Amino acid sequence: MSETTKTTNEEILAEEKAMLEDIAARLSGFARERANLVPLLQMIQERHGYLPPDAINMVAEYLEIASCEVYGVATFYNQFRFTPPGKHQIKICLGTACHVKGGDIILENFERKLEIREGEITPDREFGIDRVACVGCCALAPVATVDESVQGHMAPSKVEGIILGFQIEKEREAREKQKDDAGEK
Ligand code: FES
């Protein structure tokens, strides 16, 4: 296993541990009533971006109901997601205007470049891809949103450029961290 992968796995485990501790600490702020099931799930989703299986079990145990019941309620509402979002979430619009202008080709380009399918995230959790309906900028079709920014007139070369930009930024951050770590020794 490479040093980078090892660090990433350790970081992910540490993040998950911190997340579960945070959820455990906040459960007691809610009365143990079944009526609090959806508010509890909303709190977890808002704070952590998704509902991990351990969190579902914690909520079930706290409210003294079955995990499958919690899961059943959570899947009923499409506001909840069950996989962690990517650090950079890419949403490709496949509304009518974007579809006509080749939105599906843009989606395919992101999928190929990142080696994941829509609804998935990369193993290092850097990127996630989702498809969305009209985001209200049809004049700029085809459109993708990257984190909070709207990218209009998307083309395969722009897909390359967006990913490359993030990679360069990540490498720069890693170099700075290395420098800082070396300075601390
Ligand atoms: S259809 Fe894509 S922005 Fe409207």
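**Chatting through a predicted model**

Colleague: OK, let me step back. What is the mean pLDDT of the chain?

Modeller: The mean is 90, and 95% of the residues reach 70 or more.

Colleague: Which elements have the lowest and the highest mean pLDDT?

Modeller: Helix H1, residues 3–27, has the lowest at 81, while helix H5, residues 96–100, has the highest at 97.

Colleague: How is the chain divided into domains?

Modeller: Domain 1 covers 3–76 and domain 2 covers 88–184. The C-alpha centres of these two domains are 27 Å apart.

Colleague: Now the sheet. In what order do the strands come?

Modeller: The order is S2-S1-S3-S4, in an open sheet with mixed pairing. S2 (127–132) and S4 (149–151) are the edge strands; each has a single partner strand, so one side of each has no neighbour in the sheet. On average, neighbouring strands are turned by 25 degrees against each other, ignoring direction.

Colleague: Then how does S1 run relative to S3?

Modeller: S1 (residues 88–93) and S3 (residues 144–146) are antiparallel, with three bridges between them. For instance, Ile90 has Val146 of S3 as its bridge partner, and Ile92 has Ala144.

Colleague: Why is S1 described as largely enclosed by the rest of the structure?

Modeller: Five of its six residues are buried, so S1 is largely enclosed. For the chain as a whole, buried residues make up 20% of the 185.

Colleague: Can we zoom in on Cys93? Which strand is it in, and why does it count as buried?

Modeller: Cys93 belongs to strand S1. Cys93 is buried because 30 C-beta neighbours fall inside 10 Å, and the cut-off for buried is 20 or more.

Colleague: What is Cys93 in contact with, leaving aside neighbours within four places in sequence?

Modeller: Its contacts include Cys98, Cys134, Val132 and Gly103. Pro142 is also one of the contacts of Cys93; their C-alpha atoms are separated by 7.1 Å, although the two are 49 residues apart along the chain.

Colleague: What share of the chain's contacts joins residues at least 24 apart?

Modeller: The share is 59%, taken among contacts between residues at least 6 apart in sequence.

Colleague: How many residues are in the largest nonpolar core?

Modeller: That core has 18 residues, and those with the most contacts inside it include Ile90, Ile92, Phe110 and Ile129. Two or more residues each come from S1, H6, S2, S3 and helix H7 (156–184). H6 gives the largest share, four residues.

Colleague: You mentioned Ile129. What is it in contact with, beyond its neighbours within four places in sequence?

Modeller: Ile129 is in contact with Ile90, Ile92 and Phe110, and also with Glu111, Leu114, Ile116, Glu118 and Glu120.

Colleague: Last one: how many residues are in the second, separate core?

Modeller: Eleven, with Ile23, Leu40, Ile56 and Ala74 among them.

Definitions and conventions
Residues are numbered from 1 along each chain as its sequence is written. This is a predicted model: local features need pLDDT of at least 70, side-chain atom pairs count only at pLDDT 80 or more; totals for chains, interfaces and linings use all residues. pLDDT is the predictor's confidence in each residue, from 0 to 100. A residue is buried if 20 or more other C-beta atoms lie within 10 Å of its own, exposed if 12 or fewer, and partly exposed in between; C-beta atoms are placed from the backbone. Two residues are in contact if their C-beta atoms, placed from the backbone, lie within 7 Å. Domain bounds come from an automatic or database domain assignment. Two strands pair if DSSP finds at least two bridges between them. Axes are lines fitted to C-alpha atoms, for helices over the stretch in contact, and angles run from 0 to 180 degrees between N-to-C directions. A nonpolar core is a set of buried Ala, Val, Leu, Ile, Met, Phe, Trp, Tyr and Cys residues joined through C-beta atoms within 7 Å.
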